[in-house]
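Thanks for coming. I will go through one structure today, starting with a term we need and then moving from single residues to the place where the chains meet.

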Number of protein chains: 2
Amino acid sequence: MKARVTVTLKNGVLDPQGQAIEGALGSLGFTGIGAVRQGKVFDIELTDCNKDTALNLLNDMCEKLLANTVIEDYTVSITG
Amino acid sequence: MKARVTVTLKNGVLDPQGQAIEGALGSLGFTGIGAVRQGKVFDIELTDCNKDTALNLLNDMCEKLLANTVIEDYTVSITG
């Protein structure tokens, strides 16, 4: 079973990396860009085949390691 | 218009960061994890409201800045 975990900064948390990318896109001539925010994505293969168990396990992984829940939000989805 | 660009390493490209996360999850007691690969996600706000134009613009951004197409794949989607 394959899963995807997406970790993004919460609203209101400063994102200097996103701002740098926004500036770089502007320098390259791209216009009409409002804001850019960068996050992380984890593609995880699980040997466990029960969907509910897998989702619980993934949420647990996010709380303990993958996301800093003070400043980051996460979403978990089963992709295959 | 909001868009999400997901950039992931191509199959076969070594991902030491993903391997480190896999090891760390194991150390924390998580079992049944096959493989972990890490990627990046960009949430981009566009002032342009035409979907096709936006998708072209985003693909162009990926080719020029957001992804290293030698080792990375990217997917573009309109999220809102």
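A residue is called buried when its relative accessible area is under 20%, exposed when it is over 50%, and partly exposed in between. Asp43(B) has a relative accessible area of 24%, so Asp43(B) counts as partly exposed. Please keep in mind that this is a predicted model.

Let me stay with Asp43(B). What does its side chain meet? The side chain of Asp43(B) forms a salt bridge with that of Arg4(B), with N and O 2.8 Å apart.

Now chain A. Here Asp43(A) and Arg4(A) meet in a salt bridge through their side chains, at 2.8 Å from N to O. This pair also links distant parts of its chain: Asp43(A) is in strand E2 (residues 33-46) and Arg4(A) in strand E1 (residues 2-9), 39 residues apart. Asp43(A) is partly exposed at 23%, and Arg4(A) is partly exposed at 23%.

How many salt bridges are there over all chains? A search of the whole structure finds six. One of them joins Lys64(B) to Asp60(B), with the closest N and O atoms 3.8 Å apart. These two residues are four apart in helix H2 (residues 51-66) of chain B, so about one helical turn separates them. Lys64(B) is exposed, at 51% relative accessibility, while Asp60(B) is partly exposed, at 32%.

Next, a residue in a loop. Asp15(B) is located between strand E1 (2-9) and helix H1 (16-27) of chain B. Is Asp15(B) buried or exposed? Its relative accessible area is 6%, so Asp15(B) is buried. Setting aside neighbours within four places in sequence, Asp15(B) has contacts with Leu9(B), Val36(B), Arg37(B) and Gln38(B). Take Gln38(B): it is 23 residues from Asp15(B) along the chain, and their C-alpha atoms are 7.4 Å apart. The side chain of Asp15(B) also reaches the backbone nitrogen of Gly18(B), at 3.0 Å.

Last, the interface. In total, 33 residues of chain B are in contact with 33 residues of chain A. The two chains bury about 2,600 Å² between them, and 68% of that is on carbon and sulfur atoms. On the side of chain B, Phe30(B), Val41(B) and Leu65(B) lose the most area to chain A, together 19% of what that side buries.

How many salt bridges cross the interface of chain B and chain A? The rule finds zero. What it does find across this interface is ten residue pairs in polar contact. The elements of chain B that give two or more residues to the side touching chain A are E1, H1, E2 and H2. Of these, E2(B) gives the most, with 14 residues. By class, that side of chain B has 17 nonpolar, eight polar and eight charged residues.

E2(A) and E2(B) pair with each other in the antiparallel sense, over 13 bridges. As an example, Val36(A) stands opposite Ile44(B), which is in E2(B).

That is the end of my part.

How values were computed: Residues are numbered from 1 along each chain as its sequence is written. Chains are lettered from A and ligands numbered from 1 in the order in which they are written. This is a predicted model: local features need pLDDT of at least 70, side-chain atom pairs count only at pLDDT 80 or more; totals for chains, interfaces and linings use all residues. Side-chain values use heavy atoms; hydrogens and water are left out. Buried means under 20% relative accessible area, exposed over 50%, partly exposed in between (1.4 Å probe, protein chains only). Contact means heavy atoms within 4.5 Å. A polar contact is a pair of N or O atoms within 3.5 Å; within protein, one must be able to donate a hydrogen and the other to accept it, and residues adjacent in sequence count only if both atoms are side-chain atoms. A salt bridge is a side-chain nitrogen of Lys or Arg within 4 Å of a carboxyl oxygen of Asp or Glu. Buried area is the accessible area (1.4 Å probe) that two parts lose on being put together, summed over both. Ala, Val, Leu, Ile, Met, Phe, Trp, Tyr, Cys and Pro count as nonpolar, Asp, Glu, Lys and Arg as charged, and the others, Gly among them, as polar. Two strands pair if DSSP finds at least two bridges between them.
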